[in-house]
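Here is a short tour of one protein model. Keep the structure in view as you read.

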Amino acid sequence: MNRRHRIYEGKAKILYEGPEPGTYIQFFKDDATAFNAKKHEIIDGKGVLNNRISEHIFSHLGRLGIPTHFIKRINMREQLIKAVEIIPLEVVVRNVAAGSLSKRLGLEEGTPLSQSIIEFYYKNDSLDDPMVSEEHITAFGWAVPQEIEDIMQLSIRINDFLSGLFAGVNIQLIDFKMEFGRLWEDEAMRIVLADEISPDSARLWDIQTQEKMDKDRFRRDMGGLINAYQEVAKRLGIINENEPSRPNGPVLVK
């Protein structure tokens, strides 16, 4: 792995130069981070589960005609993806009040929203990813109005599909984060979904019990993160239903 040319390393993934021009290899790490990496641990197996879950979701989205950077999964930790120019925004879709929205507006977690909300955050760890408006985005040149419109339309379609996908396996999609990029093909450019969608980037609650099945288990020191991610994968049909979960939860390496 070290012999390959490393393009970029983030908190949870590494990008390497791909085998063909215009491609990258996306490697999923076991690092668990929260609060812009102020909290950090290694949780054995997390990257494998996120790779499989994200592959499952991106494959479904691709079949629906939603453009993404995903090409194929290479192995348990790696995906072959298209090289895109990442737009420096995190796009958050919220269906139920939780996390920072509850704190900002004094809403009880679990309060249903009358309509889904799309929020934009400027990707900058040193600034703690501040929330920004469409006016900020265009004024600072991060995206033009048509790109923002494309992102919002794709976000609505993705949210509609994922809400149904998870509801079908008794999971409620509370909110989730996405990143988008510009894909250049010949002289044409289009906006595509990039990064990943997994329990690392989405809040997922069991519909009956309201049990958290996402990275909040790490953020809030609840434990059981690997078991929760495995349960999501089992319900989606990615892992065999009879495959045993780890009896002692995640293995933590400081």
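Arg 203 sits in strand S14. Helices (H or I, at least four residues) and strands (E, at least two) are DSSP runs, numbered from the N terminus. Arg 203 counts as buried because its relative accessibility is 12%. Buried means under 20% relative accessible area, exposed over 50%, and partly exposed in between (1.4 Å probe, protein chains only). Leaving aside neighbours within four places in sequence, Arg 203 is in contact with residues including Arg 94, Asp 175, Asp 214, Asp 216 and Arg 219. Contact means heavy atoms within 4.5 Å.

This is a predicted model: local features need pLDDT of at least 70, side-chain atom pairs count only at pLDDT 80 or more, and totals for chains, interfaces and linings use all residues. Residues are numbered from 1 along each chain as its sequence is written, and side-chain values use heavy atoms, with hydrogens and water left out.

**Helix H6**

Strand S14 is also among the elements that cover the buried residues of H6. Others include helix H1 (46-63) and strand S12 (171-185). H6 spans residues 225-235 and is mostly covered, with 8 of its 11 residues buried. Among them are Leu 225, Tyr 229 and Lys 234. Gly 237 follows H6 and has a positive phi, near 85°.

**The cores**

A nonpolar core is a set of buried Ala, Val, Leu, Ile, Met, Phe, Trp, Tyr and Cys residues joined through side-chain atoms within 4.5 Å.

| Core | Number of residues | Some members |
|---|---|---|
| Largest | 49 residues | Ile 158, Met 178, Ile 197 |
| Second, separate | 5 residues | Ile 14, Phe 27, Leu 80 |

The domain bounds come from an automatic or database domain assignment.

What does Met 178 touch, not counting residues up to four places away in sequence? Its partners include Leu 89, Ser 155, Ile 158 and Ile 197.

**The largest pocket**

A pocket is an open set of points on a 1 Å grid over the protein atoms alone, where a 1.4 Å probe fits, with protein on both sides within 12 Å along at least five of seven lines; lining residues have an atom within 4 Å of a point. The largest pocket has a volume of about 1600 Å³, the space filled by probe spheres set on the points. Its lining has 50 residues, and Lys 11, Asn 36, Glu 90, Asp 129 and Lys 177 lie nearest its centre. Both domain 1 and domain 2 give residues to the lining, so this pocket lies between them.
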